[in-house]
Amino acid sequence: MSPTLAELTEAELLNRLARFAPPDQLSDDTATLPADPRPLLINTDVLADGIHFSDATTTAMDVGWRAVAANLSDLAASGAVAIEGITVALVAPGCTSWDWVDGVYQGIRAALDQYGGILLGGDCSRGEQRLLSITALGRLGPLRLHRNAARPGDVLVTSGPHGLSRLGLALLQDDPSLRDIALNPSLRDEAIAKHRHPTPRLDEVQQLLACKPEHLPWRAGGTDSSDGLLSAVAGLCSSSGCGAMLQKEQLPVAEGWPEGSPWTDWCLAGGEDFELVLSLPEAWADVWQRCVPESQRIGWINAEAGVIRWAHNNAPLDAKGFDHFCQT
């Protein structure tokens, strides 16, 4: 039977967690990064029990993986080309089992093994609710992706389909609305996998850098769709003082994706897809789409500040996305 954290004591907990880091990495209160001429990118994300994960839908390993992937997705969306590592702050009640914590850190290590970086350090504390806060550090390449770098005339592209994570969550929750819908088994499997093991698009950033046409400057608007596709586009527009037109017939959905409600809503605002959403000069977008098979052109940027419209009928869209403080 797995001991609880209260039974382990803090000293033994830290001793056990040390095996997830390089030797002696956790023996001090600080970590040292080697000198590097590339600027350092830093991001912090928090995952809270009952909000971002639950035992009903998410294994402990999935919690660890998702926590790392969410942070690395933000680094990718800023132009990171290398991951230095992460720090982890863990808060949990004393009754939490060691097996759960062990599983979380196994998921963390698996994600770092996949995408690079090491466990640099962190902290642990007792609290009323399980909570995982990760700070990730990465190195910037030649292109700093900013939300405020979109320009009228740019093409809007995204690195992959949207709505899968939301569908995966619904399937894991046995959502009654899905019981009478004949979904393709491969779509079901893909959706659950996307929810449990999201992929930060670091490789796609490398491809973006490699395929830039020589005559173009290093300027591109970028973000990720952690809070939903429409929210990502709205962020680009708001920060850049621009507007956007979206093409409904080119929404980025997976093969076999049903039509109608709620499927369009889940594509636009389901959240946690962690795909890149980029505003690129057309020549650059054309080349990147050829390099990234799952990428999709979804619309374009215009000068109508702060307004997102459907291209087919000019109707405005409400740029809703996940709200961390919404009660509903």
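Which hand does the crossing have where helix 7 passes helix 10? I looked this up first, and helix 7 passes helix 10 in a right-handed crossing. The hand is called left-handed if the near helix is turned anticlockwise from the far one by less than a right angle, and right-handed if clockwise.

**Ground rules.** I am working with a predicted model, where local features need pLDDT of at least 70, side-chain atom pairs count only at pLDDT 80 or more, and totals for chains, interfaces and linings use all residues. Residues are numbered from 1 along each chain as its sequence is written, and side-chain values use heavy atoms, with hydrogens and water left out.

**Helices 7 and 10.** I found helix 7 (residues 202–210) packing against helix 10 (residues 282–291) at an angle of about 135°, the axes being 9 Å apart. That makes helix 7 oblique to helix 10. My helices (H or I, at least four residues) and strands (E, at least two) are DSSP runs, numbered from the N terminus. Axes are lines fitted to C-alpha atoms, for helices over the stretch in contact, and angles run from 0 to 180 degrees between N-to-C directions. Angles under 35 degrees count as roughly parallel, over 145 as roughly antiparallel, 65 to 115 as roughly perpendicular and the rest as oblique.

Then I listed the contacts (heavy atoms within 4.5 Å). Glu204, Gln207 and Leu208 of helix 7 meet Trp284, Trp288 and Cys291 of helix 10.

**Helices 5 and 6.** Next I checked helix 5 (residues 164–172) against helix 6 (residues 185–196), and here the angle is about 100° with the axes 7 Å apart. That makes helix 5 roughly perpendicular to helix 6. From helix 5, the residues in this contact include Leu164, Leu167 and Leu171, and from helix 6 they include Leu187, Ala191 and Ile192.

**Cores.** I also looked at the largest nonpolar core, which has 58 residues; Ile86, Val101, Tyr105 and Ile108 touch the most other members. Such a core is a set of buried Ala, Val, Leu, Ile, Met, Phe, Trp, Tyr and Cys residues joined through side-chain atoms within 4.5 Å. Tyr105 touches Leu17, Phe20, Val88, Leu90 and Leu119, not counting residues up to four places away in sequence.

**Gly116.** Last, I went to the loop between helix 4 (98–115) and strand 3 (118–126), where Gly116 is found. Gly116 is partly exposed, with a relative accessible area of 24%; buried means under 20%, exposed over 50%, and partly exposed in between (1.4 Å probe, protein chains only). Leaving aside neighbours within four places in sequence, Gly116 is in contact with Ile83 and Ala111.
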